[in-house]
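My entries follow the model.

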Amino acid sequence: MAGGIAAAVPAALFAALAGTMLHGQDMLIDGVEVPWGAAAALVLLGAVELWLGAAFRSPLPTAACGVVCYALAGWWSTLGDGKRLIVGDLAGNLWIYGIAVVTVVMLVWGRRYRAPQA
């Protein structure tokens, strides 16, 4: 159990850093801005959380990863002007609130990887 949570912290740091760098990417399609970077960041987070749940056969590493990632992204969105990494635009909101949604979905999905009870 402790090994799963110990693995979740650096995994969350990776997902939070990579997702924050990626979330601001967008593409203009027929005059509409599509935030593909936020979607890709959430897919990355989901993959990391799913891997943690399957590797350690417990929902705790998935939950720990989601909480740490959400805390880091939340902190980076509240920094002062000129230092803020996540702004309150569509991509930023998708990234911040999507972390919670993806974590809940991965906790439900990861239930199938739980270790059997004796």
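At what angle do H2 and H4 pack, and how far apart are their axes? I found an angle of about 25° and axes 9 Å apart. (Axes are lines fitted to C-alpha atoms, for helices over the stretch in contact; angles run from 0 to 180 degrees between N-to-C directions.) That makes H2 roughly parallel to H4, since angles under 35 degrees count as roughly parallel, over 145 as roughly antiparallel, 65 to 115 as roughly perpendicular and the rest as oblique.

A note on the source. This is a predicted model, where local features need pLDDT of at least 70 and side-chain atom pairs count only at pLDDT 80 or more, while totals for chains, interfaces and linings use all residues. Residues are numbered from 1 along each chain as its sequence is written, and side-chain values use heavy atoms, with hydrogens and water left out.

Entry on H2 and H4. I listed the contact residues (contact means heavy atoms within 4.5 Å). H2 gives, among them, Ala 38, Leu 42 and Leu 45. H4 gives residues including Leu 94, Trp 95 and Gly 98.

Entry on H2. Helices here are DSSP runs (H or I, at least four residues), numbered from the N terminus. I checked the length of H2: at 1.5 Å a residue, its 21 residues should span 30 Å, and the end C-alpha atoms are 30 Å apart, which agrees. The expected span is 1.5 Å times one less than the number of residues. Among its buried residues are Gly 37, Val 48 and Gly 53. (Buried means under 20% relative accessible area, exposed over 50%, partly exposed in between, with a 1.4 Å probe and protein chains only.) Their cover includes H1, H3 and H4. Just after H2, Arg 57 takes a positive phi of about 50°.

Entry on H2 and H3. Their axes come within 8 Å and cross at roughly 150°. That makes H2 roughly antiparallel to H3. In H2, Leu 52 and Phe 56 are among the residues that meet H3, where Pro 61 and Cys 65 are among the partners.

Entry on H3. I repeated the length check for residues 59–77: the 19 residues should span 27 Å, and the end C-alpha atoms are 27 Å apart, which agrees. Its buried residues include Cys 69, Leu 72 and Trp 76. They pack against H1, H2 and H4.

Entry on Thr 20. Is Thr 20 buried or exposed? Thr 20 lies in H1 and counts as buried, at 9% relative accessibility. Not counting residues up to four places away in sequence, Thr 20 touches Trp 76 and Trp 95, among others.

Note on methods: Helices (H or I, at least four residues) and strands (E, at least two) are DSSP runs, numbered from the N terminus.
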